[in-house]
Amino acid sequence: MTNNCKAIAPGKPVKSWQQFGLNLASRIYGGRDVVIAVDLTESVGLNAEGRLRLTQIIEDSLQSGETVYLVPFAGRVNPLQPDINPLTLSTGIEFKRQPEVIEQILDILPFESEINLRNTDIQRAELFTYQGLAQLNQCRLNDNIAPKPQSIIWLTDAPLLTEPGIDSATWIETPAASPFRRGNSQASKDRASWLNALPIKERSQIITTENNRTYELSVVDIPPTVQEFCTPAPGGKETCLVTPYLVKLLLFPTVFLIIVLGLVGWGTKRFISLNKRWRIKVSFVSDDEREAKSCYLKHKEKITIGDNSTKGIFCPGDDIRGYLIRRGNKIYLKPTNNGKLLYGDRLIEKEIEVTRNIFSINCPVEDKRRQQDFEIDLRISR
C-alpha cells in the first residue's frame with residue numbers, strides 16, 4: 001500500500017448496501033486497526049499499575065494479524081517525538097501473541113518516571129486519531145485493498161466526544177491557546193465533521209489508581225467504512241468511488257463462492273442420487289404364469305440373471321447367465337458366458353452399458369430341434 005495518500009475530507013455517507021459490502025469485504029480479507037491512545041499527563045499516571053492494565057488489554061483484547069498504533073498525547077499528539085506521525089502505515093505494528101511483540105508495543109510508551117507533561121488537549125487528540133484512521137481506509141480504497149474495522153482504546157481522564165468548543169467547565173486542562181476552545185474555529189469544525197462522518201460506537205469504564213485517582217478506559221469501535229465522493233461526468237453521468245471499489249474487492253470472492261456452491265450442490269445431488277435405490281420392474285414375457293417382480297439396486301450392487309431367489313432374475317437352466325450391475329448412475333449388463341444372453345437381438349459376449357430405462361433381455365433355451373426364446377422386459381425407475 002502506498003504511504004503518500006492525499007489528505008482526505010469527510011465525504012457522503014455510504015448507502016446501506018455499500019456498508020454491507022464493506023463489512024463483507026473486511027470479513028473476507030480480515031484484519032483490524034487498533035489504536036492505543038494514551039494520555040501522558042500526570043493526572044492519568046501511567047505507572048506500573050497502568051502498564052499492568054495496558055498489558056492486560058493487549059493480551060486479552062487484541063488478535064493476531066491486527067495492526068496496532070500507539071498514539072501518546074498531552075497538549076499535543078506524540079509530544080515526546082513531535083516530528084513523528086504515530087498513525088501511518090509504516091508505524092503500525094503487526095500484532096502477534098508473542099512476549100517480544102507485546103514488549104515492543106509497551107516500550108514505545110514512557111512511564112511515570114519519564115512523564116512531566118500537563119494540559120491534555122483531548123479534542124486535538126480526537127481529531128488527529130479519527131481523521132488518521134479514516135485516512136488509512138481511504139488509502140486502502142485508492143489501492144483497491146479491503147477496508148478494516150477500527151478501534152481506539154482511550155486511556156484518559158478527559159471527556160470524549162464532547163461538543164465543539166471545549167470550555168473550562170467541561171475540561172479545564174485544554175491549553176488556553178488551543179483553537180479547540182472556540183467552537184467556530186476550523187479545527188473544531190473539522191473534528192465535528194469527522195465525528196459525524198464516522199459510525200462511532202463508544203463504551204467506557206472508570207479505572208481507579210492506587211492513589212485514588214480515576215481515569216476512563218474507553219473503547220471506540222468504528223465499522224469498516226470509507227468516504228464516498230461522487231462527481232458529475234460528461235454525458236449526464238456520475239463517477240463515484242465506493243461501488244467500483246466494492247466490485248473489484250468482491251468479484252473474485254463472489255465468483256469463487258458461486259463455484260464452491262455449485263460444486264457443493266452438484267456433490268450433494270450426486271451423493272443423494274448414489275444413495276437412492278433404483279427400482280427395476282421385471283416382467284417375464286415368455287412365461288405368462290410367472291408373476292412380475294421388482295428388484296432394487298444401489299450403487300455398486302448387482303442383480304444375478306439366472307437366480308430364482310427373491311433378489312435375482314429367473315431364467316431357464318441351472319447356470320448364471322450374467323449380472324445387472326450398477327456403478328454410480330450407470331447400469332451395465334455383464335455376461336458369464338455360461339449360456340446365451342441377448343440384449344434385444346444382440347448376443348452379449350462382454351460387459352456393455354445399458355443406456356435405456358426400458359429394455360429387454362433374452363435367455364434362450366436350446367435343444368436338438370430348435371432354440372426357444374425366454375424374453376424378459378425390464379423397466380428402471382431411477
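I began at the end of helix 4, where Asn 144, just after the helix, takes a positive phi of about 55°. I note for everything below that this is a predicted model.

Next I looked at helix 4 itself, which covers residues 122-142, and checked its length against expectation: at 1.5 Å a residue its 21 residues should span 30 Å, and I found the end C-alpha atoms 30 Å apart, which agrees. I then asked how many residues of helix 4 are buried. Taking buried as under 20% relative accessible area, I counted 17 of the 21, so helix 4 is largely enclosed by the rest of the structure.

I turned to the empty space. Rolling a probe the size of a water molecule over the atoms shows where such space is left. The largest pocket came out with a volume of about 380 Å³. I listed 17 residues in its lining, and those closest to the centre of the pocket are Asn 85, Leu 87, Phe 128, Gly 132 and Gln 135.

I found 15 residues lining it, with Ser 26, Arg 27, Arg 32, Pro 149 and Pro 224 lying nearest its centre. Two elements give two or more residues to this lining, namely helix 1 (16-29) and strand 6 (214-222), and the largest share, three residues, comes from helix 1. By class, I divided the lining of the second largest pocket into four nonpolar, seven polar and four charged residues.

Four of them form an open sheet in the order 11-12-13-16, and I recorded the pairing as antiparallel. Which strands lie at the edges of this sheet? I identified strand 11 (302-305) and strand 16 (352-354), each of which pairs on one side only. With direction ignored, I found neighbouring strands of this sheet turned by 25° against each other on average.

Within the sheet I looked up the pairing of strand 12 (residues 322-327) with strand 13 (residues 330-335), which run antiparallel and are joined by six bridges. As one entry for this pair, I noted that Arg 326 has Ile 331 of strand 13 as its bridge partner.

Definitions and conventions: Residues numbered from 1 in each chain as written. Predicted model: local features only at pLDDT ≥ 70, side-chain atom pairs only at ≥ 80, totals over all residues. Heavy atoms only, no water. 1 Å grid on protein atoms, 1.4 Å probe; cavity = no way out; pocket = protein on both sides within 12 Å on 5 of 7 lines; lining within 4 Å. Points joined across faces, edges and corners; volume = space filled by probe spheres on them. Helix = DSSP H or I, 4+ residues; strand = E, 2+ residues; numbered from the N terminus. Nonpolar A, V, L, I, M, F, W, Y, C, P; charged D, E, K, R; others polar. Expected span 1.5 Å × (residues − 1). Buried < 20%, exposed > 50% of the residue type's maximum accessible area, 1.4 Å probe, protein only. Pairing = 2+ DSSP bridges. Axes fitted to C-alpha atoms, helices over the stretch in contact; angles between N-to-C directions.
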